[in-house]
Amino acid sequence: MIETQTTTIKQQQSSAPIEYDAIIIGAGAGGISALLHLRDLGLRCRLFESGGGPGGAWYWNRYPGARFDSESYSYGFFFSKELFQEWKWSEHFAGQPETERYFNYVIDRFDLRRDMQFKSRVDKAHFNDEKNAWDVTLADGTRYRGRWLVAAVGPLTKPQLPKIDGIESFAGEAYHTARWPKHPVSFEGKRVGVIGTGASGVQTIQEVAKSAAHLTVFQRTANYMAPLGNGPVTDEEQEQIQASFEELKRKVNSSYAWFLHTPDQRSIFDVSDEERERFFEEKYNARGMGIWQGNFRDILTDRRANDLISDFIRRKIRERVKDPETAEKLIPKDHGFGTRRVPHETNYYEVYNQPNVTLVDLKATPITRIVPQGVQTSESFHELDMLIYATGFDAITGAFEAIDIRGLGGQKLDDKWIDGPSTYLGVMTAGFPNFYMPAGPLSAQGNIPRTCEYNAWWLAELIRYMQAEGLTYVEPKPEAEEEWTEHARQVQSTLLTSEVDSWFTGVNRNREGRTSRRVVQYRGGAFIYREKCEAAVRNGFPEFIKK
Ligand code: N01
């Protein structure tokens, strides 16, 4: 059975809701940032989190090998220079246990825990037109009311199991990477199967291959991967990082996707073949996402440019994987480099040179059924002791759909977004007053905590403005929402990503009605996004209906 953590709330139920200025859902980077900013404004806040501690994605995704693939010091919070300088990341790309410790440190350091309630799942959030407030009900029936509802539920939070016949019948151990149990899981001497080769699958596979008696990887779509280049942060580097707070902050805030890497402004065709090859080599061997996020500006918009980098990565795969047949299975044939999320790896390709690892290409031989003893494909049967589902998330809108959210006149958010999400700047949506979504649908994509922190600052600016003007109600004008949503659509249509199925384009092949592409993120660049958000602050938030 899939192991999950159960809610064990034993709170008294009361008929009158407890009232707050703001109710926040989620204790990840978005919820923590919102709580910090709103408390600074003097708001009475209550934060509810279904997990047993803070961290959001970093609480739940405790699978073996889970770690950042953006630099630790670009991922942590930037709101406090003191915090930035106190916390010493041990690795350039920290693992989940360290990140979970970091989130706990932050909430204690800023005394946030007293306003947070863990193991508390929000089931319903209904806007009460009469009270101009949100009525929120937890899974245990307790009720709260808040003038604001901040749904910091995260874009990658609702785990998605694959739609495969017989899945419930498997008799061995079974885990989803995003619901990994807290108790140790041993692979020693076991026959383990992993379904999925996205960022979670890759990190899991690298770890499991070390000790499993046999590992069978079930790959449906091959992805392009690039080396992570992780390593310990030396004392000298530590000093340098601590001293570079302002510079690192400026860098992440001025980059395309809030990372330390941003596209080189040259076209790939501005340089000679030799220079291009040298540039690719350097990026491939350097730390982090530079090969993807810091490459020539046209690799994600021009097919000929994309072919050049895709070909480079294909050559690398062929060099690293000894068996040519396996190498060919690992090489993507249906999309170009970077048009789907690039997982960053550490000896991932070398795993396939090990005698205890088998790769099954599900495009050629699909899974037909899961049975108690293992996995049956159209070609063969794989007997397994353990099955790991690294099958990702019902991304972007899934966590919103998990809550019964209703706005003005009882309109359901799911109904409003049936054909895809529409928002104003990715954080608010018409018909849902005082409802805020840090890193929500159509917000600027990239380094998620950066979007969260920025969105929390912007919310504080909006509330500060409302306080000064004596307002208690804001809701984006429908035309402002339409304009932003259309802008996001237009931007996406210029990118090669728009032609490829993945969660980037809102595709979830395990869910009915989610198999065609949608626009779910804003990909016009964090700097353009910031400019639009800051113009709204300067101009007194003209795009809102205000009361
Ligand atoms: O999920 P995914 P993820 N039968 O959706 C396969 C972030 N993250 O959890 O591509 C067989 O990318 C599916 O196949 P296909 C990061 O942003 C960050 O790995 O649909 N296979 C795919 O291979 C990332 O993008 C880090 O054909 C099935 C895999 O499962 C996001 O989270 C680490 C299947 C799902 O890949 C999601 O990553 C981890 C089926 N029925 C994650 N259904 C960092 O490093 C699905 N698959 C910070």
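These legends go with several close-up views of a predicted model. Residues are numbered from 1 along each chain as its sequence is written, and side-chain values use heavy atoms, with hydrogens and water left out. Because the model is predicted, local features need pLDDT of at least 70 and side-chain atom pairs count only at pLDDT 80 or more, while totals for chains, interfaces and linings use all residues.

**View 1. The shell around the ligand.** Here 27 residues surround the ligand, where a residue is in if one of its heavy atoms lies within 4 Å. Ser200, Arg220, Thr221, Arg340 and Trp503 are the closest. By type, the shell splits into 11 nonpolar, nine polar and seven charged residues; Ala, Val, Leu, Ile, Met, Phe, Trp, Tyr, Cys and Pro count as nonpolar, Asp, Glu, Lys and Arg as charged, and the others, Gly among them, as polar. Helix 6 (residues 199-211) gives the most, with three residues; helices are DSSP runs (H or I, at least four residues) and strands are too (E, at least two), numbered from the N terminus. Domain 1 (16-158 + 395-546) and domain 2 (193-389) each supply at least three shell residues, with domain bounds taken from an automatic or database assignment.

**View 2. Polar atoms facing the ligand.** Look for a ligand nitrogen 2.9 Å from an N or O atom in the side chain of Asn510. A ligand oxygen sits 3.2 Å from an N or O atom in the Arg509 side chain, and a ligand oxygen is 3.1 Å from a polar backbone atom of Ala199. On its own the ligand has 910 Å² of accessible area, and the protein covers 87% of that (Shrake-Rupley method, 1.4 Å probe).

**View 3. Trp458 meets Phe544.** Rings of Phe, Tyr and Trp (its six-membered ring) pair if their centres lie within 6.5 Å; planes under 30 degrees apart are stacked, over 60 edge-to-face, and the rest tilted. That rule gives 50 aromatic pairs. For Trp458 and Phe544 the ring centres are 6.3 Å apart and the planes at 40°, so this pair is tilted. Trp458 belongs to helix 16 (residues 448-469) and Phe544 to strand 20 (residues 544-546), so the pair ties together parts 86 residues apart in sequence. Trp458 is buried at 1% relative accessible area, and Phe544 is buried at 4% (buried means under 20%, exposed over 50%, partly exposed in between; 1.4 Å probe, protein chains only).

View 4. Asp115 is in the loop between helix 5 (96-109) and strand 3 (116-117), and is buried at 12% relative accessibility.

Definitions and conventions. A polar contact is a pair of N or O atoms within 3.5 Å; within protein, one must be able to donate a hydrogen and the other to accept it, and residues adjacent in sequence count only if both atoms are side-chain atoms.
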